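Trainee: I am new to this structure. Please take one part of it and go through it closely, and then show me what else there is to look at around it.

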Amino acid sequence: MSHQFPEYLDVDYTDGDDHDAGAYPTLSDKLEKAASVTATALDQYENPAVMWTGGKDSTLVLYVVREVARERDIDVPPVVFIDHFEHFPEVMAFAERWAEQWDLDLRFARNEAIAGLGAEPGDEIPLSDLGETNRRELDRIDYEGDTLTLDADSFEGNHLLKTVALNEVLESTGFDGIFSGVRWDEQEARAGETFFSPRHDPEIYPPHDRVHPILQFEEVDVWDAFWNAVVPDTVEGYPAGHVPESTDDLPDGLTAEDIPVSPKYFEGFRSLGTESGSGKSSERPAWLQDLEGSTEREGRAQDKEGLMERLRDLGYM
């Protein structure tokens, strides 16, 4: 067998073409497909990793990967958390707590050149301080200016703090298959994705594949999976199907810290981005809001379809 990526792979890059969530009508169908995609990926990729933000989608993916790995008696792949320096403290604490509880190999991806400057969000950084790689990436997106405002919600900030950070990890580790929590219904830019998505152009990113086990989930399905599978399978004694109306409505003896659901969702956030760029969409927990009649990312500062398309061309998730 050849050991030159991607020659050693036998995956169907068309799997999911022209599909939507309706092709997987029940939660069981969706979870079965997620497990099937995950099993194939764990068989095929020699050095896989799981992208994890601490949010609901990537936590669902991590749950599926952990379950399939457990069934096969293999190790869970390394878990990569992209630190763009503007996370809610609660999200960072959540990720670190559950990484320890689940015994994960958690690795933080950061733009090291920017991290070394000690700059804070909102600071103006002279381009001369950014380092050769970051300056080259700014040239690549036709950035004009002598300084850069450190802002993970801007196009250039997102590219440097997320995409470049991910590419640096891919370059240093050789990860060949990256599990990601994107969904067809989330944004138009992701509606055409397949379950196995090639990223093979070395001029753009270190060659690798993206693995998308939960494309077929809609937002309401994600929460159904949490209360019927993720939480009951993780928390001993949690009754499957119990949907809490608040932190006070958890089963006796349990607190919000005892379940693998970010506390920000209890507070009314439906999508978690930067601390300054994310807002509550309601005072009700995310899963009790009008999930079908409103936009999931309406509380996010960065929610422009054209922007997402450009970022994806550069290697963003």
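Mentor: Helices and strands here are DSSP runs numbered from the N terminus, a helix having at least four residues and a strand at least two. The model is a predicted one. The part to look at is the segment before helix 1, where proline 6 lies.

Start with the backbone. Phenylalanine 5 and proline 6 are joined by a cis peptide bond, with omega at about 0°. In general, most peptide bonds are trans, and most residues other than glycine have a negative phi. Proline 6 has a relative accessibility of 30% and so counts as partly exposed, since that class runs between 20% and 50%. Leaving aside residues up to four places away in sequence, the contacts of proline 6 are Tyr13 and His200. Tryptophan 102 is 96 residues from proline 6 in sequence, and the two C-alpha atoms are 31 Å apart in space.

Tyrosine 8 is also found in the segment before helix 1. Its relative accessibility is 10%, so tyrosine 8 counts as buried. The side chain of tyrosine 8 makes a polar contact of 2.4 Å with the side chain of aspartate 176. Between tyrosine 8 and tyrosine 45 there are 37 residues of separation in sequence and 8.5 Å in space, C-alpha to C-alpha.

From this segment, go on to helix 1 itself. Helix 1 covers residues 27-44, and its axis comes within 11 Å of the axis of helix 7, residues 219-234, with a crossing angle of roughly 85°. The two helices are therefore roughly perpendicular to each other. Helix 1 contributes Leu27, Lys30 and Leu31 to the contact, while helix 7 contributes Asp221, Asp224, Ala225, Asn228 and Ala229. By class, four of the contact residues are nonpolar, one is polar and three are charged.

Helix 7 has a kink of about 50°, centred on phenylalanine 226. Phe226 is also one of the buried residues of helix 7, and among the others are Val222, Trp223, Trp227 and Val230. The cover over the buried residues of helix 7 includes helix 1, helix 2 and helix 8.

Past helix 2, in the loop that runs to strand 2 (79-82), is aspartate 73. The phi of aspartate 73 is near 55°, a positive value in a residue other than glycine. With a relative accessible area of 69%, aspartate 73 is exposed. A positive phi of near 60° is also found at aspartate 142, which sits in the loop between helix 5 (132-140) and strand 5 (147-149). At 63% relative accessibility, aspartate 142 counts as exposed.

Past helix 8, in the loop between helix 8 (263-266) and helix 9 (305-314), is serine 278. Its relative accessibility is 10%, so serine 278 counts as buried. A polar atom of the serine 278 side chain lies 2.8 Å from the backbone nitrogen of glycine 273. The backbone oxygen of threonine 274 lies 2.9 Å from a polar atom of that side chain.

Key:
Residues are numbered from 1 along each chain as its sequence is written. This is a predicted model: local features need pLDDT of at least 70, side-chain atom pairs count only at pLDDT 80 or more; totals for chains, interfaces and linings use all residues. Side-chain values use heavy atoms; hydrogens and water are left out. Axes are lines fitted to C-alpha atoms, for helices over the stretch in contact, and angles run from 0 to 180 degrees between N-to-C directions. Angles under 35 degrees count as roughly parallel, over 145 as roughly antiparallel, 65 to 115 as roughly perpendicular and the rest as oblique. Contact means heavy atoms within 4.5 Å. Ala, Val, Leu, Ile, Met, Phe, Trp, Tyr, Cys and Pro count as nonpolar, Asp, Glu, Lys and Arg as charged, and the others, Gly among them, as polar. Buried means under 20% relative accessible area, exposed over 50%, partly exposed in between (1.4 Å probe, protein chains only). A polar contact is a pair of N or O atoms within 3.5 Å; within protein, one must be able to donate a hydrogen and the other to accept it, and residues adjacent in sequence count only if both atoms are side-chain atoms. The bend at a residue is the angle between axes fitted to the seven residues ending there and the seven starting there.
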